[in-house]
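Morning, everyone. Please bring up the model on your screens. I'll talk about cores and rings.

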Amino acid sequence: MARRERTSFFLTFAATAVAALAGFGGAVHAQTKTLYIGMNGGTMEKAYTQYVFPAFEKLYNAKVVVVPGTSSDILAKAQANKDRPQMHVMFLDDGIMVRAIGMGLCQKQKPNPSLAEIYPAARFKDDMASGVSLGMTGLAYNAKMFKEKGWAAPTSWMDLADPKFKGKVVFQSMSSSSFGLHGFLMFNRIQGGNDKNVEPGFKAWPTTIGPNVLEYIPSSAKLSEMVQTGEAAIFPLTPTAVAALKVKGIPVEYAPPKEGAVVLMVGQCVIANNSEPELSQKLAEFLLSPLAQANVLQYGAQIPTNPKAPAVGEGATQVAEINQWMKTAITIDWESINANRPAWNARWNKTIEK
């Protein structure tokens, strides 16, 4: 999309949002209040701070400040300040959000039109949280390397064990990354395990995927560099993350595994006992609105959970692809996983990343 069109779209959004969302209710506050929101930095933070928060700030005479970090970082901050929260709203990967709810860190979201519009799968139990973006963990690959080698695009999670990728697989640590956890759990399923029994996965890993792994990384931050240097050939990743890398000129492509990708949703919750509960609820509602989600799709490649969000250009293609891939996507049992994950993490760190 041309720069003029992009600017026009945002200005239209900002102006329309203030008018259309006036129905959210409440008079403009006389004194500016500040809300702190925990979320991933990088592309996500940039999209929200530049193209979404300004309209909310104008509507409510408020200031929204991002506290950047991984889901684990944000959860730790919220837990450490549970009695006197320093943040008002937080974004967490779905599995970590289930943990946060279980810890009593989230406040039930109030009924509102935007919450009623989102996909049912994006509404957490009892509306203690809501999904702000939809995605899935599948496979990504170094398109430049694959072309040079004459390799076909991957089609299965078991491609990670293909001998031709020896020393070329990069895998996120299961103990610190949702991507790594998802990849391991799908491998475990293929080996005959399930979300309560990971023995088959741990038993088979050292003789299948393990020998191919160049490095276990704590997050996906190093992937762009490792693709550019030719170190990484194939790795778990989401379509959204792939799109963000491609925007930066990194030669990567997404490949949906035939066994299914794993649903990965980013959820938001209003933090319990925060200092601005009403305004925090308004922010959570605002972030589910079609116009807010349309801009995050366009400028941050975040797939909307609100089906009424308009999609233009490449965004429309992304939404269509995600909807197609969602037909075979796997939803995992987070309650069982969270109950067992500390033991799994310890075993992973001791036997896989030793």
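First, a word we need: a residue is called buried when its relative accessible area is under 20%. Keep in mind that this is a predicted model.

Phe184 and Trp205 are both buried. They also form an aromatic pair. Where do Phe184 and Trp205 lie? Phe184 is in helix H8, residues 178-190. Trp205 is in the loop between helix H9 (199-204) and strand E7 (213-217). So the pair ties together parts that are 21 residues apart in sequence.

Phe184 and Trp205 belong to one aromatic cluster with Phe171, Phe187, Phe202, Tyr216 and Trp348.

How many aromatic pairs does the structure hold? There are 18. Another of them is Phe146 with Trp151. Here the centres are 5.2 Å apart and the planes are at 85°, so this pair is edge-to-face. Phe146 is buried as well, because its relative accessible area is 3% and the cut-off is under 20%.

Now the cores. In soluble globular proteins, nonpolar side chains tend to be buried together. The largest nonpolar core in this model has 70 residues. Ile37, Tyr48, Phe53 and Met90 have the most contacts inside it. Look at Phe53. Leaving aside neighbours within four places in sequence, Phe53 touches Ile37, Met39, Tyr48, Val64, Val66, Leu283 and Leu287.

Terms used: Residues numbered from 1 in each chain as written. Predicted model: local features only at pLDDT ≥ 70, side-chain atom pairs only at ≥ 80, totals over all residues. Heavy atoms only, no water. Core = buried A, V, L, I, M, F, W, Y, C linked by side-chain atoms within 4.5 Å. Buried < 20%, exposed > 50% of the residue type's maximum accessible area, 1.4 Å probe, protein only. Contact = heavy atoms within 4.5 Å. Phe/Tyr/Trp six-rings, centres within 6.5 Å; stacked < 30°, edge-to-face > 60°. Helix = DSSP H or I, 4+ residues; strand = E, 2+ residues; numbered from the N terminus.
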